[in-house]
Every structure is written in C-alpha cells, then in structure tokens.
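Please keep the sequence and the coordinates at hand while reading.

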Amino acid sequence: MSTLLIAITQLLKIVVIVVPLLIAVAYVTLAERKIMASMQLRKGPNVVGFAGLLQPLADGLKLFAKETILPTHANLVIFIIAPILSLILALISWAVIPYAEGAVLADLNIGLLYIFAVSSISVYAILMSGWASNSKYAFFGAIRAAAQMISYEVCIGLIILSVIVCVGSLNLTDIVLAQKDCWFVFPLFPAAIMFFVSALAETNRAPFDHAEAESELVSGFNTEYSGMTFALFFLAEYSHIIIMSLITSLLFFGGWLPFTSFLAFIPPQINLALKTTFFVFTFVWVRASFPRLRFDSLMQLMWKSYLPLALGFLIFVASINIIFL
C-alpha cells in the first residue's frame, strides 16, 4: 500500500509540473506575438477572447482538429516517433529543476549533468524527423540543426564547468545556494553572456534559426509535419526556451534567491518565475531585433570565438580558485 501511495504522490508531482508548463508554453507563444507586434508598431492577436487571451487555446484546437498528413515516401515509424521523442525529452529535463530549496521532483547530485545529457539526446529527434521525412528541405534543416546544436553544446559544457569549479557540485540546489552572497553573473559575467547566446543557438532561435530558415528551407526539419505532429515539435521548442531561461537564472542569477535582503518577502517561486520571464522576454526581444546570421558566420562564432574564450575563461577561473580558495 505504501508503494502505491508513493507512486500516486510522484504522479501528482509530475502532473503539477507538466500541466502548468504546457499552459506556460501556450501563453509564451501569445506573449511572443504580442511583444513582437508592439516592437514592430502593429497589433498582435486581439480578437479571440479579451485582448486575445484565448488565442493559444484556439491555435491548439486548430492543430488538434487538423488532419495529420503522412508523406507517401516517408519512413512512417520514425516519422511519427520523432515529434513524440522531442516532446518527451523536453519534458523529462524538468525533473531535476528546483523551484525553491527542497521543492524539486528529483534532487540528483548530478542534476546539471542529467540536463546536459538529455539536451544532447534531443539532437536525435531532429535528425530522425529530417531523415524520415524523405524531403531535401527537411534533411538539410536537420543537418544544420544537428551541427549547430552539437557545436554549441561544447561551449555550454565549458561554461557550465566554470560554474561547477566555483561551486564544487553538479547539484542545482547547491549551485543556487552558493550564490547567497553574490550572484555568479558578476564574477562570471563573460561566461553568462556566452551562455545566453549559446542558449539561443541551442534552441534554434533567431538570429540562429538556420534549422527553420523559411527563406531557404520552407520550414526546415518540420516541413512535412502537420496537425498534432507539428504541435509536438512546437511545444518542445518553447519548452526548451523556458528551461534554458530557467537554467540561466539558476546558474548566474541566484535562482530563487532575491537580489537584496529587502526583497526577502517575495516567495522564492515568484522570484524564480520573474527572472525566467525576463529571459524569455529577451529571447523574443533578440528575435525582433537581429537579422539571421549566415550559417558559416554562426559556426565561425562558435569555433573561432566562443570556444577559445570559454576554454580560456575556464582555465582562468580554475586558476583563481586554486590560488585564492
């Protein structure tokens, strides 16, 4: 009986995490359209519901009701599995995310390594979709996405190592608590900037959206997808945006910790949510502000700029820790 109770409790915890996440993803899409409309001096969605607040529900219903078209020459098994795998990988990363001290589904000692491993596997879902579609546009988009994501994971890994060297732990709760006196964004400012730019590239967002370049590849790796299969990729993409914003907050901006003791009255979850919302807004802001880079410029930025900078900064941080700590 106790085993059943534990299982039910864990299931309820998963539901409490997943349902608000899916709602957040839906309304991040609305927020993106509203923010970009405001920045471009035009109106965003404002017809469905009060001020357009029901637009995400209408979009979801539309995608759910649409026919899922299966291309004749596609490898159907892999074609269908790819979007499901993409969403599952996007959701299971949230298992180790702490929302406050002790408020975490699985408080793993290697939580950061777990997230890094799951994000690495997500490349396979994109490759599967591009290959199984049997379309040159989808295949080119998948190859671009794989090259881009694998490249910037190297940079993200080195930046995360700089944080780990300062904390001495892979546990996300320990990393946040280590910032009690000073957020890591101040001593590790170059790493924080490189991490956020790498997060843009890792999530295939503008100005690094080469995997979905409409002017060149129609829609990239998801060109042949429609209906709910397209919606699964869509949900996975925005889930990745939220979790990368959240990880940026946890690693460099103190997570749920307030900036000063004067703000200690704010609940920790609200603190974390506000910081994450700011970075999600920045994702949209960057999309509205910068044109797409050329693909060779994207790779050059990584291998000739960020990689040596991240490696040199890691050696510098490690040296400082050895000498003074």
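Predicted model: local features only at pLDDT ≥ 70, side-chain atom pairs only at ≥ 80, totals over all residues.

On the H1 side, the contact is formed by Ala26, Tyr27, Thr29, Leu30 and Arg33, which meet Gln55, Pro56, Leu57 and Asp59 of H2. Classified by side chain, the residues of this contact comprise five that are nonpolar, two that are polar and two that are charged.

The geometry of such a pair can be stated briefly. Two packed helices are described by the angle and the distance between their axes. Here, H1 spans residues 2–39 and H2 spans residues 55–65; their axes come within 8 Å and cross at roughly 115°. The hand of the crossing between H1 and H2 is right-handed.

The loop between H1 and H2 also deserves attention, for it contains Ala51. Although Ala51 is not a glycine, its phi is positive, at about 55°.

What secondary structure does the protein contain? There are 11 helices and zero strands, so that, read from the N terminus, the order of elements is α-α-α-α-α-α-α-α-α-α-α. The radius of gyration is 20 Å, close to the 20 Å given by the globule rule for 325 residues, and the protein is therefore as compact as a globular protein of that length. Taken along the principal axes, the box filled by the C-alpha atoms has dimensions of roughly 65 × 55 × 50 Å.

Where is Pro207 placed? Pro207 is found between helix H7 (189–202) and helix H8 (214–217), in the loop that joins them. The peptide bond leading from Ala206 to Pro207 is cis, and its omega is near 5°.

How many cavities of 30 Å³ or more does the structure hold? There is one, and the space in the largest cavity amounts to about 30 Å³. Its lining includes Val96, Pro98, Val104, Ala106, Asp107, Leu108 and Gly111, and Asn171, Leu172 and Thr173 line the largest cavity as well. By class, six of the lining residues are nonpolar, three are polar and one is charged.

How values were computed. Residues numbered from 1 in each chain as written. Heavy atoms only, no water. 1 Å grid on protein atoms, 1.4 Å probe; cavity = no way out; pocket = protein on both sides within 12 Å on 5 of 7 lines; lining within 4 Å. Points joined across faces, edges and corners; volume = space filled by probe spheres on them. Nonpolar A, V, L, I, M, F, W, Y, C, P; charged D, E, K, R; others polar. Axes fitted to C-alpha atoms, helices over the stretch in contact; angles between N-to-C directions. Helix = DSSP H or I, 4+ residues; strand = E, 2+ residues; numbered from the N terminus. Left-handed = near helix turned anticlockwise from the far one by under 90°. Contact = heavy atoms within 4.5 Å. Rg over C-alpha atoms; globule rule 2.2 N^0.38 Å.
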